[in-house]
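Hi everyone, thanks for having me. Please take a look at the structure on the screen, and I'll walk you through a few of its features.

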Amino acid sequence: MSNGSFVTEFILTGLPHAPALDAPLFGAFLVIYVLTVLGNLLILLVIRVDSHLHTPMYSFLSNLSFIDMWLSTVTVPKMLMTLVSPSGRAISFHSCVAQLYFFHFLGSTECFLYTVMSCDRYLAISYPLRYTRMMSGRACALLAIGTWLSGSLHSAVQTILTFHLPYCGPNRIQHYFCDAPPILKLACADTSANEMVIFVDIGIVASGCFLLIVLSYVSIVCSILRIRTSEGRRRAFQTCASHCIVVLCFFVPCVVIYLRPGSRDVVDGAVAVFYTVLTPLLNPVVYTLRNKEVKKAVLKLRDKVAHSQEE
C-alpha cells in the first residue's frame with residue numbers, strides 16, 4: 001500500500017434502514033445465509049457421492065456451488081455484524097483489502113465459469129456423439145483451473161487500482177462491505193483514471209462473457225429446434241433453462257452497479273443484496289428443483305442415510 005495511506009480502519013455504514021428493523025433483518029439474513037451454505041454443501045456432497053453425476057456439467061456445477069458458498073461468506077457475516085452493534089461496523093484497512101480481493105476473485109471466477117458452462121451445454125447438445133471426447137476429464141480440469149486463475153488476476157487488478165491510492169481523511173464506506181466504487185470516493189487523490197480503468201476492465205470481462213453466453217444459447221436453441229422428438233426438445237430446454245435463470249440473476253445486478261454512469265448508494269446497496277445474498281441461495285434451489293438427476297440423487301442420498309440409521 002502507499003505511504004500516504006493514513007487510514008487504519010474503515011466504518012461500514014451498512015444497509016440503509018430504520019433502526020427498528022435491525023433484529024428482523026438480522027434474522028432474515030442469518031436464515032438465508034445458513035440455507036445458502038447448507039444448500040451448496042448438499043450439492044457438493046450429492047455430486048461427490050453419486051457416480052452418475054461425475055460428468056463435466058456437474059463438475060462445473062460443483063465449482064459454482066463452492067464459489068457461491070464462499071461468495072456469501074465473504075460478505076454476509078460482516079453485514080450481520082453491522083446489524084448487531086455499532087462496533088461491528090468497523091473493519092481494518094487490511095481486512096477491507098482482503099474482503100474486496102476475495103469478493104472480486106470469487107465474483108469474476110463465477111462470471112468466467114458461467115461462460116464455460118454455457119459452452120459446455122452447447123457442445124453437449126450440438127455435438128452429442130463427440131461430446132465425451134471433446135470434454136474429457138483433462139479438458140474440464142484445465143477449463144476449471146483457467147476460470148480460477150483468470151478470476152484471481154482480474155481481482156488483483158481491481159484491488160491494486162483501488163488501494164494504491166492514499167486514504168487520509170474520511171473513512172465511512174457507504175456500503176455493507178468493501179467494494180471499489182464506494183471506497184474510491186474516500187481517496188485523497190484524483191480517482192478518475194482508476195475509475196475509468198476499473199469500468200473498462202469490468203466492462204470488457206462482463207460484456208465479453210455475456211456475449212459468449214448469448215452466442216452459445218442462440219446456437220443451442222438452433223440445435224434444439226432440429227431435434228426431431230418433442231421429448232428430446234423438452235429435455236434439452238429444461239437442461240438449459242436453469243442455467244439461463246442463474247446467469248440473468250448474476251449479470252443484471254452487476255450491470256446495474258458497475259456498468260452504469262454515476263453511483264447511487266441506496267440503489268447499489270439494495271442491488272448488491274440481490275447478488276451477494278439471494279443469488280447464492282437461488283443457485284442450489286434452481287439446480288435441485290429444476291433438475292431431475294440432482295433431485296433423484298438427493299432422494300437416493302436421503303434413503304441411504306435413513307437406511308444406515310435404521311441399521
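I'll talk about some helices and then about the cysteines.

Keep in mind that this is a predicted model. Let's begin with helix α1, residues 22-49. Several α1 residues are buried, including F29, Y33, N40 and I47.

The unreviewed UniProt entry annotates residues 25-47 as a "transmembrane region", and the same label is given to others, among them 100-119 and 139-157. In the model, residues 100-119 are 100% helix, with end C-alpha atoms 29 Å apart. Residues 139-157 are 100% helix too, and there the ends lie 27 Å apart.

Now the cysteines. A disulfide is a covalent bond between the sulfur atoms of two cysteines. How many disulfides does a search of the whole structure find? It finds two.

One joins C96 to C178, with the sulfurs 2.0 Å apart. C96 sits in helix α3 and C178 in the loop between β3 and α6, 82 residues apart. The torsion about their S-S bond is about -120°, so this disulfide is left-handed. C96 is buried, at 0% relative accessibility, and C178 is buried at 0% as well.

The other disulfide joins C168 to C188, S to S 2.2 Å. It ties together parts that are 20 residues apart in sequence. C168 is partly exposed at 39%, and C188 is partly exposed at 34%.

Conventions: Residues are numbered from 1 along each chain as its sequence is written. This is a predicted model: local features need pLDDT of at least 70, side-chain atom pairs count only at pLDDT 80 or more; totals for chains, interfaces and linings use all residues. Side-chain values use heavy atoms; hydrogens and water are left out. Buried means under 20% relative accessible area, exposed over 50%, partly exposed in between (1.4 Å probe, protein chains only). Helices (H or I, at least four residues) and strands (E, at least two) are DSSP runs, numbered from the N terminus. UniProt positions are given in the numbering used here, feature names are shortened, and annotations may be inferred rather than shown by experiment. A disulfide is a pair of cysteine sulfur atoms within 2.5 Å.
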